[in-house]
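Visitor: I would like to learn how to read a structure. Can you take me through a feature or two?

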Amino acid sequence: MTVINVEERLRQRGVKPTAIRELVLKALWAENGPVSLSHLENILETIDKSTLFRTLSLFEKHRVVHTFEDGSGALKYEACRNPNECRVEDQHIHFFCTRCNQTYCLPSMRIPIIKLPEGFCAEGINYTVKGLCPHCSQKA
């Protein structure tokens with residue numbers, strides 16, 4: 001896993017570094033994949049839910065993270081790994097296991113970019129495949 005300077009990453013994206021913001025980004029980076037708000041709450045017990053949600057919303061606005069819905073009913077947050085931008089073209093496919101409810105990143109599988117009609121501008125794409133993960137499919 002790549003190590004980042006969280007203070008520098010926040011500044012690059014136009015976000016003023018604070019102790020809370022740095023903690024949240026460190027936690028997201030350490031997860032190395034998508035997590036829900038409730039999962040982050042469990043990891044960052046000292047940060048209340050509203051502060052955590054506001055921080056994640058700010059991160060999404062400044063493209064520090066990207067979000068997607070995987071069908072579990074909870075929005076998932078994932079740190080943008082590209083040091084310069086978090087572009088739609090950089091997003092990848094996710095896999096949601098319908099048995100264990102785990103979401104997996106498939107970073108080598110890029111989301112196909114579609115040509116939108118004139119005047120439309122994509123800001124995000126949600127591409128989630130659902131089924132059984134390798135662990136659960138062995139049990140089946």
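This is a predicted model: local features need pLDDT of at least 70, side-chain atom pairs count only at pLDDT 80 or more; totals for chains, interfaces and linings use all residues.

Visitor: How many cavities of 30 Å³ or more does the structure hold?

Guide: The structure holds one.

Visitor: Which residues line the largest cavity?

Guide: Look at His66, Thr67 and Phe68, then Gln91, His92 and His94. Ile111, Ile125, Asn126 and Tyr127 complete the lining. Two elements give two or more residues each: β2 (65-69) and β4 (92-97). The largest share, three residues, comes from β2.

Visitor: How do the lining residues divide into nonpolar, polar and charged?

Guide: Four are nonpolar and six are polar. None is charged.

Visitor: Now the helices. At what angle do α2 and α4 pack?

Guide: Find helix α2 at residues 19-31 and helix α4 at residues 49-61. They pack at about 75°, and their axes lie 10 Å apart.

Visitor: Why is α2 called roughly perpendicular to α4?

Guide: Angles of 65 to 115 degrees count as roughly perpendicular. The angle here is about 75°, so α2 is roughly perpendicular to α4.

Visitor: Which residues meet where α2 and α4 touch?

Guide: From α2 come Ile20, Arg21, Val24, Leu25 and Leu28. They meet Thr51, Leu52, Thr55, Leu56, Leu58 and Phe59 in α4.

Visitor: And what kinds of residue make up the contact of α2 with α4?

Guide: Eight are nonpolar, two are polar and one is charged.

Notes: Residues are numbered from 1 along each chain as its sequence is written. Side-chain values use heavy atoms; hydrogens and water are left out. On a 1 Å grid over the protein atoms alone, a cavity is a set of points where a 1.4 Å probe fits but cannot get out, and a pocket is an open set with protein on both sides within 12 Å along at least five of seven lines; lining residues have an atom within 4 Å of a point. Grid points are joined across faces, edges and corners, and a volume is the space filled by probe spheres set on the points. Helices (H or I, at least four residues) and strands (E, at least two) are DSSP runs, numbered from the N terminus. Ala, Val, Leu, Ile, Met, Phe, Trp, Tyr, Cys and Pro count as nonpolar, Asp, Glu, Lys and Arg as charged, and the others, Gly among them, as polar. Axes are lines fitted to C-alpha atoms, for helices over the stretch in contact, and angles run from 0 to 180 degrees between N-to-C directions. Angles under 35 degrees count as roughly parallel, over 145 as roughly antiparallel, 65 to 115 as roughly perpendicular and the rest as oblique. Contact means heavy atoms within 4.5 Å.
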